[in-house]
Amino acid sequence: MDGERLRNRPCGGRYGDLVQAIGNTPLVELKRLSPKPGVRIWAKLESRNPTGSVKDRVARSLIEDAEARGAIKPGQTILEPTSGNTGISLAMICKRKGYPLKVVMPDNVTQERTQLLHMYGAEIVYSDGSKGSNGAVELALEMAAADSSYYMPYQYGNVANPLAHYNGTALEILEELDEISAFVAGLGTGGTLMGNARRFKEELGDGVKIVAAEPMQGEPVQGLRSLDDGFIPPIIDLSLLDRKIFVTNHDAIVWTRRLLDEEGIFAGVSSGAIASIAVRIADEMDEGNVVFIVCDDGWKYLSSGIYTRPVDEVEALDTTVWW
Amino acid sequence: MATVKIPPVLRASVGGEKEVSADGSSVGEVLNALAAAHPQTQSQLFSAEGELNRYVNVYLNDEDVRVLDGLQTAVGESDTLVILPAMAGGSR
């Protein structure tokens, strides 16, 4: 198996179909972002997955887990709340495997997400954007409760989500690095952080600091009636996190541009936010490796103007669900 | 005095203010001072046992106090506490 992997590396591998080609993404050092010589910053380019995001790993894991348990068969409709990337990944995989897909998505995401979902043949049900992703989760749960013919993988509560990283992303990083001082990823469903954290702590001990970068959503998408309407994804175990730091939309976009300008990495907004925290953590260290996740590429954000306008002139900065 | 930033969902309980000042040398003391000055926030911020309510995230400057020292986390005079509701992640 190892020999096979090594032979595959120069061209990224040979696979029987696109779904099998998910993963095995490059790990790239970002020397210009490193604040000091002894600290090396590495970006895991999950943007190099077939639909351009880390969610390809999760979507494959969710579907293959359901297939293995006999919970779905071709022709059955899959229903899932998402604000974009998971839906796009599921759409590609479901189309290839013969499952109709219905996604529930806030109505204030970038237009490219809608276009990509339609391209892959998914049906979209829009939720109230003022409730952010909470609104999509709430509506999808209602729909699933009302119609038992749907199969909802429910990435927020399905262990197949973190297992995609425990058995995939983390092992790939460990193949390349013997030492990891800090791992930084975005906090959404918690899958990337939980799966990688468990593997790294098991293999390298508690010396690996697990750091969550989380979005500080703009006030217009904090549309809760009360704090009791809040939501914590069931797969999140806070005890695995050493730090949890929020990043504003403004700073996330500033750093998304820095990734492009200084390192040539064309990434989405969450990756900019995560990079900002990776550099901050690197600045607190004297030596070691800091690994962070580049979650998706920048194509889905072009219409928003984040790459072409000054950040203060980006429209709908606080009314958009960026990540 | 520390500055406490209030999310939209709690503003009606503090007279519409976006931020208020409150005394205290720990997160728990600052939030208790806030609750004493604005009693309507008490049941929203704290459980009956005096713990932070499950869906309330409190950040010291920008770090979640739950992964620091919780309500015992030390607070300085010029620090900012940010209260945010727990929300589902976005595109992730």
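Into which domains is chain A divided? Before I answer, please note that the model under discussion is predicted. Chain A comprises domain 1, which covers residues 2–53 together with 166–313, and domain 2, which covers residues 55–146.

Let me begin with the relation between these two domains. Taken over C-alpha atoms, the centres of domain 1 and domain 2 of chain A are separated by 22 Å. In the contact between them, 26 residues of domain 1 of chain A meet 23 residues of domain 2 of chain A. On the domain 1 side of this contact, 12 residues are polar, 10 are nonpolar and 4 are charged.

I turn next to one helix of chain A, helix H2. It spans residues 55–68, 14 residues in total. From its first C-alpha to its last, H2(A) reaches 20 Å, close to the 20 Å expected at 1.5 Å a residue.

Is H2(A) mostly covered or mostly uncovered? The helix is mostly covered, with 10 of its 14 residues buried. Among the buried residues are Lys55(A), Asp56(A), Arg57(A) and Arg60(A), as well as Val58(A), Leu62(A) and Ile63(A).

Against which helices do the buried residues of H2(A) pack? Their partners in chain A are helix H3 (85–97), helix H6 (160–176) and helix H7 (191–204). After H2(A) comes Gly70(A), which has a positive phi, near 75°.

Let us now move to chain B. This chain has 3 helices and 5 strands, and along the sequence they follow the pattern β-α-β-α-α-β-β-β. Chain B has a radius of gyration of 12 Å, close to the 12 Å that the globule rule gives for 92 residues, and it is therefore as compact as a globular protein of that length. Along the principal axes, the C-alpha atoms of chain B fill a box of roughly 35 × 30 × 25 Å.

Two further values describe chain B. Of its 92 residues, 36% count as buried. Among contacts in chain B with a separation of 6 or more, 49% come from residues 24 or more positions apart.

Why does Gln40(B) count as exposed? The reason is that Gln40(B) has 12 C-beta neighbours inside 10 Å, and a residue with 12 or fewer is classed as exposed. Gln40(B) and Gly24(B) are 16 residues apart along the chain, and their C-alpha atoms are separated by 19 Å.

Methods
Residues are numbered from 1 along each chain as its sequence is written. Chains are lettered from A and ligands numbered from 1 in the order in which they are written. This is a predicted model: local features need pLDDT of at least 70, side-chain atom pairs count only at pLDDT 80 or more; totals for chains, interfaces and linings use all residues. Domain bounds come from an automatic or database domain assignment. Two residues are in contact if their C-beta atoms, placed from the backbone, lie within 7 Å. Ala, Val, Leu, Ile, Met, Phe, Trp, Tyr, Cys and Pro count as nonpolar, Asp, Glu, Lys and Arg as charged, and the others, Gly among them, as polar. Helices (H or I, at least four residues) and strands (E, at least two) are DSSP runs, numbered from the N terminus. The expected span of a helix is 1.5 Å times one less than its number of residues. A residue is buried if 20 or more other C-beta atoms lie within 10 Å of its own, exposed if 12 or fewer, and partly exposed in between; C-beta atoms are placed from the backbone. The radius of gyration is taken over C-alpha atoms; the globule rule is 2.2 Å times the number of residues to the power 0.38.
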